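Trainee: I am new to this structure. Please take me through one part of it closely, and start with the overall setting.

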Amino acid sequence: MIAIERSSVRFGLTAIPYVVRRSQRRGTVSIAIDPAMGVLLTAPQATPIARLDRVVHDKARWIVERLRRGPVGAEHVAPSEFVNGETFLYLGRQHRLKIATGAVTRVALTGGRLVVTVPVGSATAVRKVVVAWYRHHAAERLPERAAIWAKKMGVPVPVVLIRDQRRRWGSCDPKGNLRFNWRIVQAPMRLVDYVVAHELVHLGHRHHTAGFWAALGRVMPDYEARREELRGMGARLEW
Ligand SMILES: [Zn+2]
């Protein structure tokens with residue numbers, strides 16, 4: 001079993017959770033923003049957590065700024081052409097599109113590639129298949145996450161619907177049904193969870209009042225960092 005070392009540092013109202021990777025060859029501590037793991041510290045074996053907390057605290061302003069801007073190395077823009085080599089995100093990981101032709105339409109994630117097989121490789125046809133693939137995965141993942149978070153919050157597991165709603169990540173109707181934009185599954189799971197927890201809190205708080213944010217903070221103490229991270233990524237996910 002490999003234990004993942006984690007800690008969290010408060011910076012004003014923001015909690016900055018981070019993950020530690022220990023390295024024997026390391027003499028110093030370094031900080032990176034990893035698209036999948038968030039704030040990642042690489043540290044020598046013996047550096048105590050209290051020392052790492054201080055390093056994170058000293059760099060807090062820089063970290064929050066980076067999280068706001070989105071993942072490091074986000075030089076790629078949202079896909080638009082649906083051609084070979086374009087980058088697609090699924091749960092925060094990047095996959096290069098590879099278009100193959102074949103009688104049976106299908107999509108597979110293999111070896112860091114999103115392989116789309118279509119009878120005719122036009123951009124329209126590929127887009128349609130890729131969107132259907134995301135929607136399928138959103139329809140699997142979002143009810144799972146909603147059930148997990150509903151349990152944590154002690155609320156009934158809601159009905160989850162997947163929609164193509166460009167302008168919002170999620171919404172909640174008076175009957176308590178939750179709707180999510182399929183595009184959210186491009187983001188890392190910690191950001192998917194932010195959207196899910198946010199909508200679940202709306203079941204008891206219609207508007208973004210102080211009570212709403214306090215309730216969200218009780219189940220997700222680092223929600224502010226996640227919200228900023230999602231804002232930073234937003235543009236890349238909208239296509
Ligand atoms: Zn809201």
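This is a predicted model: local features need pLDDT of at least 70, side-chain atom pairs count only at pLDDT 80 or more; totals for chains, interfaces and linings use all residues.

Mentor: The protein has six helices and eleven strands. Its C-alpha atoms fill a box of roughly 60 × 50 × 35 Å along the principal axes. The radius of gyration is 20 Å; a compact globule of 239 residues would have one near 18 Å, so the two agree. Buried residues account for 28% of the 239. Of the contacts between residues at least 6 apart in sequence, 47% join residues at least 24 apart.

Now the helix pair. Helix α3 covers residues 123–153, and its axis lies 9 Å from that of α4. The two pack at an angle of about 55 degrees, which means α3 is oblique to α4. Their crossing is right-handed. On the α3 side, the contact is made by R141, L142, R145, A146, W149, A150 and M153. On the α4 side, V192, D193, V196, A197 and L200 take part. Nine of the contact residues are nonpolar, three are charged and none is polar.

Next, the loop. H205 sits between α4 (189–202) and α5 (210–219). Beyond its neighbours within four places in sequence, H205 contacts G211, F212 and A215. A215 is ten residues from H205 in sequence, and their C-alpha atoms are 8.7 Å apart.

Key: Residues are numbered from 1 along each chain as its sequence is written. Helices (H or I, at least four residues) and strands (E, at least two) are DSSP runs, numbered from the N terminus. The radius of gyration is taken over C-alpha atoms; the globule rule is 2.2 Å times the number of residues to the power 0.38. A residue is buried if 20 or more other C-beta atoms lie within 10 Å of its own, exposed if 12 or fewer, and partly exposed in between; C-beta atoms are placed from the backbone. Two residues are in contact if their C-beta atoms, placed from the backbone, lie within 7 Å. Axes are lines fitted to C-alpha atoms, for helices over the stretch in contact, and angles run from 0 to 180 degrees between N-to-C directions. Angles under 35 degrees count as roughly parallel, over 145 as roughly antiparallel, 65 to 115 as roughly perpendicular and the rest as oblique. A crossing is left-handed if the near helix is turned anticlockwise from the far one by less than a right angle, and right-handed if clockwise. Ala, Val, Leu, Ile, Met, Phe, Trp, Tyr, Cys and Pro count as nonpolar, Asp, Glu, Lys and Arg as charged, and the others, Gly among them, as polar.
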